Amino acid sequence: MPFSRAVIASIGMITMVSAVLADLVIPDLAAQHAFNAGWPPHAKFHDAQYMVMTVLLGLIGLVLAVRQGRNMRARLLCAAAILATPWLGMFGALLFPGTATYDPEFADRTVFVLGLHGQVFMALVLVVALLGAAAAAWRMPDDSAARL
């Protein structure tokens, strides 16, 4: 499997499971999201919406990346764009007034990597990986489907 296809497929799987794990399954993180007693029902609705959306976007990106056939380059580029959407959304969300990467009551349990909130750091790494994979896919010949 070429580099770009492997990276994009891997990020598809990460995208499918990461929000569900972080917001619903891992107890310490879920307490800050789906099970946060301080969140009103409407906020929990949007968290659930985000979890479902990332599962669907991850699945679409994964299928585009692993499916055999023609137009592999176009499908990989499309998959990379789809998979970048929820991760880029984290950066866009920070531009809105009153948003934060964590609630103040969880400040002592928040993980930072190189000065960035852990989720934002992960988003940055995955977006950079998708850019690299998209650049590699862009250089693939148009008839690449015949070799895959």
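Colleague: Where is Asn-71 found?

Modeller: Asn-71 is found in the loop between α3 (41-66) and α4. The model is a predicted one.

Colleague: What makes Asn-71 count as exposed?

Modeller: Exposed requires over 50% relative accessible area. Asn-71 has 52% relative accessibility, so Asn-71 counts as exposed.

Colleague: What is the phi of Asn-71?

Modeller: Asn-71 has a positive phi of about 60°, although Asn-71 is not a glycine. Most residues other than glycine have a negative phi. Leu-114 is another non-glycine residue with a positive phi, here about 55°.

Colleague: Where does Leu-114 lie, and why is Leu-114 called exposed?

Modeller: Leu-114 lies in the loop between β1 and β2 (116-117). The relative accessible area of Leu-114 is 78%, and the cut-off for exposed is over 50%, so Leu-114 is exposed.

Colleague: Which elements does the chain have, and how do they run from the N terminus on?

Modeller: The chain has five helices and two strands. From the N terminus on, the elements run α-α-α-α-β-β-α. The C-alpha trace spans about 55 × 30 × 25 Å along its principal axes. Of the 148 residues of the chain, 36% count as buried.

Colleague: How do α3 and α4 pack?

Modeller: The axes of α3 and α4 are 8 Å apart, and the packing angle is about 160°.

Colleague: Why is α3 called roughly antiparallel to α4?

Modeller: Angles over 145 degrees count as roughly antiparallel. The angle here is about 160°, which makes α3 roughly antiparallel to α4. The crossing of α3 and α4 is left-handed.

Colleague: Which residues make the contact?

Modeller: On the α3 side they include Tyr-50, Leu-57, Ile-60 and Leu-64, and on the α4 side they include Met-72, Leu-76, Ile-82 and Met-90. The residues of the contact of α3 with α4 divide into 13 nonpolar, four polar and one charged.

Colleague: How do you know that α1 is roughly antiparallel to α5?

Modeller: The axes of helix α1 (residues 3-25) and helix α5 (residues 118-138) cross at roughly 155° and come within 9 Å. Since roughly antiparallel is the term for angles over 145 degrees, the crossing makes α1 roughly antiparallel to α5. The crossing of α1 and α5 is left-handed.

Colleague: Which residues of α1 and α5 meet?

Modeller: Among them are Phe-3, Ser-4, Val-7, Ile-8 and Ile-11 in α1, and Met-122, Leu-126, Ala-133, Ala-136 and Ala-137 in α5. By class, the contact of α1 with α5 has 13 nonpolar, four polar and one charged residues.

Colleague: What makes Ser-4 buried?

Modeller: Ser-4 has its place in helix α1. Buried means under 20% relative accessible area. The value for Ser-4 is 2%, so Ser-4 is buried. Not counting residues up to four places away in sequence, Ser-4 touches Leu-76, Ala-133, Ala-136, Ala-137 and Met-140.

Colleague: How many aromatic pairs are there, and why is the pair of Tyr-102 and Phe-112 called edge-to-face?

Modeller: The count comes to one aromatic pair. The rings of Tyr-102 and Phe-112 have their centres 5.7 Å apart, which is within the 6.5 Å needed for a pair. Their planes stand at 85°, and over 60 degrees counts as edge-to-face, so the pair is edge-to-face. The pair links distant parts of the chain, with Tyr-102 in the loop between α4 and β1 and Phe-112 in strand β1, 10 residues apart.

Colleague: Why are Tyr-102 and Phe-112 called partly exposed?

Modeller: Partly exposed is the range between under 20% for buried and over 50% for exposed. The relative accessible area is 30% for Tyr-102, so Tyr-102 is partly exposed. Phe-112 has 42%, and is therefore partly exposed.

Colleague: What makes Gly-98 count as exposed?

Modeller: Gly-98 is found in the loop between α4 (72-93) and β1 (112-113). At 85% relative accessibility, against a cut-off of over 50%, Gly-98 counts as exposed. The C-alpha atoms of Gly-98 and Arg-70 are separated by 46 Å, with the two residues 28 residues apart along the chain.

Conventions
Residues numbered from 1 in each chain as written. Predicted model: local features only at pLDDT ≥ 70, side-chain atom pairs only at ≥ 80, totals over all residues. Heavy atoms only, no water. Axes fitted to C-alpha atoms, helices over the stretch in contact; angles between N-to-C directions. Helix = DSSP H or I, 4+ residues; strand = E, 2+ residues; numbered from the N terminus. Parallel < 35°, antiparallel > 145°, perpendicular 65-115°, else oblique. Left-handed = near helix turned anticlockwise from the far one by under 90°. Contact = heavy atoms within 4.5 Å. Nonpolar A, V, L, I, M, F, W, Y, C, P; charged D, E, K, R; others polar. Buried < 20%, exposed > 50% of the residue type's maximum accessible area, 1.4 Å probe, protein only. Phe/Tyr/Trp six-rings, centres within 6.5 Å; stacked < 30°, edge-to-face > 60°.
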